[in-house]
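Please keep the sequence and the model in view while reading.

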Amino acid sequence: MSATLPSLIAVESLEKHYRDGPRALQGVNLTVTRGEVVILLGPNGSGKSTLLRCLNLLERPTAGRVCIDGLDLTTASRTDLRRCRRRIGVVFQRFNLVPGMSAFQNVLFGAMGRHGLLRTTALLASAALRQEAMACLDRVNLADKAAQRADTLSGGQQQRVAIARMLMHAGSGDRPGRRAHCQSRPQGRS
Ligand SMILES: Nc1ncnc2c1ncn2[C@@H]1O[C@H](COP(=O)(O)OP(=O)(O)OP(=O)(O)O)[C@@H](O)[C@H]1O
Ligand SMILES: [Mg+2]
């Protein structure tokens, strides 16, 4: 971690107490600089997912600050928050795929934040968006499974669809410059 580079993510004195639940986070401080790769390790229930959900305010912290690229999300307007969320890609621990829909449709839904629900349904999506979704699937090596229902894919394949949807969310399906980040295959169940 470099002290000279400005932080991209700055978490200060973060607390999260779930109502009728545990104190999941207490006094968490974290600084991540641009380009830095961080691994969060800890036992089950120690608060890793809670912390990640607090980073884009999917979970509102009880106290503390979360700053992304200089913007304090805990006090940001809804517009700024929405704009910032579009830049944050998340692969959820539970992949949250729509089970009865194809891998392709699930990836298309990744662009919902940019294009809305109607324009991300397979029948109504533009050719460019459909091409972008296929490019995202191709980047996780699942182009051949595009038409398969998500709930019939293996656990690892579902994980890769979730990664492709995250790439789609970030609008990085067709940008060659970003390819290097995604060439290694995801680990885990397959
Ligand atoms: N919505 C919720 N309401 C109440 N308690 C919750 C909620 N979400 C998580 N918790 C509790 O908060 C604690 C932290 O959970 P969290 O999911 O952040 O852990 P984790 O480190 O990601 O665990 P794992 O390694 O199992 O994924 C746990 O005790 C969990 O039961
Ligand atoms: Mg977790």
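Which residue in strand 4 is the bridge partner of Ile68? The partner of Ile68 is Leu71. The model is a predicted one, in which local features need pLDDT of at least 70 and side-chain atom pairs count only at pLDDT 80 or more, while totals for chains, interfaces and linings use all residues. Residues are numbered from 1 along each chain as its sequence is written, and chains are lettered from A and ligands numbered from 1 in the order in which they are written.

Strand 3 (residues 63-68) and strand 4 run antiparallel and are joined by two bridges; strands pair if DSSP finds at least two bridges between them. Strands (E, at least two residues) and helices (H or I, at least four) are DSSP runs, numbered from the N terminus. The open sheet has four strands in the order 2-1-3-4, with antiparallel pairing. Strand 2 (23-33) and strand 4 (71-72) stand at its edges with a single partner strand each, so one side of each lacks a neighbour in the sheet.

Ligand 1 is surrounded by 13 residues, the closest being Tyr18, Gly21, Asn44, Ser49 and Thr50; a residue counts here if its C-beta atom, placed from the backbone, lies within 6 Å of the molecule. Helix 1 (residues 48-55) gives the most to this shell, with three residues.

Just after helix 5, Asn141 takes a positive phi of about 60°.
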